[in-house]
Amino acid sequence: MPQPDLQAALDAVDQHFDTFVTELQELCRLRSRRQEPEQMAATADFLKHSVERWGGTADIVPWERSHPYVLAEIPGGERRLLHFNHYDVEVEPTGDDAEWISPPYAAEIHDGRLYARGVADDKGALMSRLHAAAAWRLSGQEPPVTSRYIMEGKQWLHSPGLGGVVAAHAERLAADAALWENSWTDGDGRPLLKLGEKGVLYLRLTSRTLTRDLTSQNTVLLPSATTRLTAALATLTHPDGTPAVDGFADDARVPTDAEHALLERMPFDGDFLRRRAGVDAFTGGLTDTEAAVALRTVPTLTLAGIEGGDTTDDVTLGIPATAVAKIEIRLVPGQDPERVLAAVRAHLAEKGFEDITVDVMAMSHPHHTDHTDPFVALVADTARTAYGAEPLVEPYTQWIGNQGVLTGIPIVGVGVSRADAGIDGPNEHIRLEDYRMGIKHVVAVMAALAVAE
């Protein structure tokens, strides 16, 4: 294959940028909410035709416990670059629609910014990968690498279908490296390269002590489910909220000194978080620098919710027969969710709560890409040129996800938004110039990967 003409492809981004932005707006006008299957199906169809428009092939793949996946390829050179993105929106609570400066699905441009729900997470990043491959074709060249795409429209936040679809289509998704959904630049314009994700173990704990609620005159004789469950929950953490389960973090990977140094460079506005939370200090008295590291490297156990008994605004006389709690465990690289699950069950049994039922609601494996991997250096080098700034390499992240379904290849998260993009909230947006730079960055990654030793 001839040496790729990178400059011609970069020039094509500028020449066709209005077309790219228009197509992104069209995608953002589709209301791809997980609660609206018809809109999700329409979005998958739009993406399929977009791939075909830019010279690729795509299939819409229905999958259990999920909205359709779109598996696609835009052919090019021998090296293969995998792109993972999702097309569903509203990952977190969205706030009040009345606060938007334009309707959330109007995809309007104001002062050089495109406002739309999902444009920062993750439709902008998704389309930037397609438009990067398109730029090579529009410059009259075959792309220097073959781009493979997995576009997910998950039905549940934790992507229960992803592992199955990746396993079933392993050959089709095989690649030399992967770019993972979105990331952003900080307030100083430095792109953030994310190298990992936490895993999650989400549990439902249930206490059933009676066949039905009965009058509390029998409390001296009968056990209360709420009392039983809260006693069990109290054993799971120490008073400061840290996990008390024996062996909970035994297999957690210990960051290297070099990784610690990278993490200490991460921007972290401790004052903002303390004000937002209404607290004067972080747990354990951590400094902002220590907090930035702990946030990414310490596994956690959170009591996410508890329900049982009568909570109406009335005086009621009853013994609750059933009580339920949700536990969210965030896992760091090295931890095996199955082993942690076994440790939780063993802990409850050892404390005398073997009657508490433990059900798994969600599970994913954490993932870690070594920051010294040559692909990380390649993405960082191309980012320096594309953004004119020194990138921030984040070897651990606080985000939970499903990178663990891919094994054996380096994975780097890159994106087209900024830290102040208002993801999922009112006025979510991206800057159009950030979108231009994001496309050019991926164009440059493709060129560099094609000739990498």
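Q: What is the relative accessible area of Phe268?
A: Phe268 has a relative accessible area of 25%, so it counts as partly exposed. Buried means under 20% relative accessible area, exposed means over 50%, and partly exposed is in between, with a 1.4 Å probe and protein chains only.

Q: What kind of model is this?
A: This is a predicted model, in which local features need pLDDT of at least 70, side-chain atom pairs count only at pLDDT 80 or more, and totals for chains, interfaces and linings use all residues. Residues are numbered from 1 along each chain as its sequence is written, and side-chain values use heavy atoms, with hydrogens and water left out.

Q: How many aromatic pairs does the structure hold?
A: It holds five aromatic pairs. One of them is Phe84 with Trp180, which is stacked, at 4.0 Å centre to centre and 15° between the planes. Rings of Phe, Tyr and Trp (its six-membered ring) pair if their centres lie within 6.5 Å; planes under 30 degrees apart count as stacked, over 60 as edge-to-face and the rest as tilted.

Q: Where do Phe84 and Trp180 lie?
A: Phe84 is in strand E3 (residues 80-86) and Trp180 is in strand E7 (residues 177-180), so the pair ties together parts that are 96 residues apart in sequence. Helices (H or I, at least four residues) and strands (E, at least two) are DSSP runs, numbered from the N terminus.

Q: Phe84, buried or exposed?
A: Phe84 is buried, with a relative accessible area of 4%. Trp180 is buried too, at 3%.

Q: Back to Phe268. How far apart are the ring centres of Phe268 and Phe282?
A: Their centres are 6.0 Å apart and their planes are at 55°, so this pair is tilted. Phe268 sits in the loop between helix H8 (257-264) and helix H9 (270-277), and Phe282 in the loop between H9 and helix H10 (288-297), 14 residues apart. Phe282 is buried, with a relative accessible area of 15%.

Q: New topic. At what angle do helix H4 and helix H13 cross?
A: The axes of H4 (residues 119-138) and H13 (residues 432-451) cross at roughly 55° and come within 8 Å. That makes H4 oblique to H13. Angles under 35 degrees count as roughly parallel, over 145 as roughly antiparallel, 65 to 115 as roughly perpendicular and the rest as oblique. Axes are lines fitted to C-alpha atoms, for helices over the stretch in contact, and angles run from 0 to 180 degrees between N-to-C directions.

Q: Left-handed or right-handed, that crossing of H4 and H13?
A: Right-handed. A crossing is left-handed if the near helix is turned anticlockwise from the far one by less than a right angle, and right-handed if clockwise.

Q: Which residues in H4 meet H13?
A: Among them are Gly124, Met127, Arg129, Ala132 and Trp136 in H4, which meet residues of H13 including Tyr435, Met446 and Ala447. By class, the contact of H4 with H13 has eleven nonpolar, three polar and one charged residues. Ala, Val, Leu, Ile, Met, Phe, Trp, Tyr, Cys and Pro count as nonpolar, Asp, Glu, Lys and Arg as charged, and the others, Gly among them, as polar.

Q: What does Met446 touch?
A: Leaving aside neighbours within four places in sequence, Met446 is in contact with residues including Leu81, His83, Arg129 and Trp136. Contact means heavy atoms within 4.5 Å. Met446 is buried, with a relative accessible area of 0%.

Q: And Ala447? What does Ala447 touch?
A: Not counting residues up to four places away in sequence, Ala447 touches Pro4, Leu6, Trp136 and Pro144. The C-alpha atoms of Ala447 and Gln3 are separated by 8.8 Å, although the two residues are 444 apart along the chain. Ala447 counts as buried, at 9% relative accessibility.

Q: At what angle do helix H1 and H13 pack?
A: H1 (residues 6-15) and H13 pack at about 160°, with their axes 10 Å apart. That makes H1 roughly antiparallel to H13. The contact includes Leu6, Ala9 and Leu10 of H1, and Ile439, Val443 and Ala447 of H13. Its residues divide into eight nonpolar, no polar and three charged.

Q: Backbone now. Which peptide bond is cis?
A: The one from Asp121 to Asp122 is cis, with omega near 20°. Asp122 is in H4. Most peptide bonds are trans, and most residues other than glycine have a negative phi.

Q: What is phi of Ala107?
A: Phi of Ala107 is near 55°, a positive value in a residue other than glycine. Ala107 lies in the loop between E3 and strand E4 (108-110). At 0% relative accessibility, Ala107 is buried.
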